[in-house]
Amino acid sequence: KREIKMRKLDSTKVRPLKSEQLLRIEDHDFALRPGFGGSPIPVGIDVQVESIDSISEVDMDFTMTLYLRHYWKDERLSFRSNKNKSMTFDGRLIKKIWVPDVFFVHSKRSFIHDTTVENVMLRVYPDGNVLFSLRITVSAMCFMDFSRFPLDTQNCSLELESYAYNEDDLMLYWKHGNKSLSTDEHISLSQFFIEEFSASSGLAFYSSTGWYNRLFINFALRRHIFFFVLQSYFPAMLMVMLSWVSFWIDRRAVPARVSLGITTVLTMSTIMTGVSASMPQVSYIKAVDVYLWISFLFVFLSVIEYAAVNYLTTIEERKQLKKRGKASGMYSIDAVQAMAFDGCFHDTDVDMDLMAFSDRCEENETQARAASVANADTTRIKRKRSLKGNVGRIILQNNHVIDTYSRIIFPSVYIVFNFFYWGLYI
């Protein structure tokens with residue numbers, strides 16, 4: 001009697017819970033899989049994707065939150081039930097029974113949600129069928145190809161596999177085939193459009209442990225291009241068109257044309273640097289690089305075009321001065337003096353017209369001294385009208401032939417380039 005009384009007072013022994021007594025957990029060794037030594041145990045999987053939290057091009061990974069459910073049968077957990085009802089448990093029972101050791105291949109980090117308690121559910125049916133559900137957030141690698149960026153479509157996959165049990169001990173399969181993968185209707189991403197979700201299966205081989213069943217959650221992401229059109233393509237187009245303005249500026253206006261060319265070149269460099277800073281340092285050319293570099297080339301060529309125009313203009317003027325000789329040079333008006341009359345720079349060809357204009361001005365002044373005040377006012381009005389009529393003709397004569405061809409060639413080639421670019425990548 002004393003020994004029986006001492007056993008009752010022994011506090012080191014904990015009585016099993018009623019659920020554990022009903023499932024007879026203490027009677028079995030759950031360190032072994034169900035049906036150990038026999039055929040592999042089938043474990044069905046179904047997944048409900050709750051959200052795709054982020055896609056990182058720099059790290060080449062994605063983060064996904066999902067409900068992972070396992071289905072298998074363990075006769076050691078069968079129990080008697082008059083109403084044939086299942087029993088539901090939380091995570092405390094998981095540590096005492098056998099559960100599949102499914103892990104995520106190529107995962108970087110993952111965790112089971114534990115607010116307010118650990119998001120784990122275990123449901124046992126009277127015949128021994130088990131449902132094991134987890135709510136998990138996992139970050140996994142996605143091997144991305146940026147050769148068509150930002151006009152690209154990325155194909156990513158989340159892979160599930162047993163860590164310890166190969167195909168001789170455990171057989172992973174999709175519980176309901178292609179319908180085993182479901183998604184939330186409100187899943188959306190800022191830069192991507194989710195084209196499709198699909199489930200597939202395969203085998204993975206490891207030289208030291210053998211063949212393993214592997215399940216795949218495949219999804220395709222198509223990038224929204226409108227953001228990159230506003231941030232990269234449209235500013236690049238504007239810079240290229242702005243560089244064409246120099247073809248209509250007087251070739252003698254060196255500060256205006258040079259400053260415009262340098263400004264557009266620096267702006268294009270800033271756009272290219274901003275795009276490269278937000279992308280991984282890949283060793284191949286992306287689609288956006290092709291567009292930006294070609295646009296940069298057009299801007300750079302517009303600067304080179306003016307260098308050629310300025311150089312050829314200088315050579316032409318030297319030849320004309322040699323032909324005219326010193327006598328004609330005594331009566332010529334240089335560009336600075338000509339600018340005093342109408343505010344525009346002029347070539348040497350126009351200087352002769354201005355010389356004639358100067359002679360007429362001297363005659364008019366001589367006549368004006370002898371004439372009355374009314375005649376002097378009339379002469380000034382006529383002089384202003386003749387200047388206004390000559391300005392347009394002077395500007396047209398001051399254009400170089402290279403500028404004339406550039407106005408047509410540069411826009412035409414750029415339009416053809418855009419046509420082939422968008423037709424190739426879209």
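An α-helix has 3.6 residues a turn, so residues three or four places apart point the same way.

Helix α4 covers residues 254-277, and its 24 residues should span 34 Å at 1.5 Å a residue; the end C-alpha atoms are 35 Å apart, which agrees. The expected span is 1.5 Å times one less than the number of residues. Helices (H or I, at least four residues) and strands (E, at least two) are DSSP runs, numbered from the N terminus.

## Helix α3 and its two partners

Let's turn to α3. The axes of α3 and α4 lie 9 Å apart, and the helices pack at about 165°, which makes α3 roughly antiparallel to α4 (an angle over 145 degrees). Axes are lines fitted to C-alpha atoms, for helices over the stretch in contact, with angles from 0 to 180 degrees between N-to-C directions. On the α3 side, Ser 232, Pro 235, Ala 236, Met 239, Leu 242 and Ser 243 meet Leu 260, Thr 264, Thr 267, Met 268, Ile 271 and Val 275 of α4; contact means heavy atoms within 4.5 Å. By class, 8 of these residues are nonpolar, 4 polar and none charged.

Helix α3 (residues 226-243) also meets helix α9 (residues 401-425), with axes coming within 12 Å and crossing at roughly 165°. That makes α3 roughly antiparallel to α9. Here Tyr 233, Ala 236, Met 237 and Val 240 of α3 touch Tyr 414, Asn 418, Tyr 421 and Trp 422 of α9.

## Gln 48 in strand β1

Gln 48 sits in strand β1 (residues 41-56) and counts as partly exposed because its relative accessibility is 28%. Ser 182 is 134 residues away from Gln 48 in sequence, yet their C-alpha atoms are 4.8 Å apart. Beyond neighbours within four places in sequence, Gln 48 contacts Leu 66, Tyr 67, Arg 69 and Ser 182.

## The whole protein

The protein has 9 helices and 12 strands, and 39% of its 426 residues count as buried. Among contacts between residues at least 6 apart in sequence, 77% join residues at least 24 apart.

## Notes on the model

Residues are numbered from 1 along each chain as its sequence is written, and side-chain values use heavy atoms, leaving out hydrogens and water. As this is a predicted model, local features need pLDDT of at least 70 and side-chain atom pairs count only at pLDDT 80 or more, while totals for chains, interfaces and linings use all residues.

Methods
Parallel < 35°, antiparallel > 145°, perpendicular 65-115°, else oblique. Nonpolar A, V, L, I, M, F, W, Y, C, P; charged D, E, K, R; others polar. Buried < 20%, exposed > 50% of the residue type's maximum accessible area, 1.4 Å probe, protein only.
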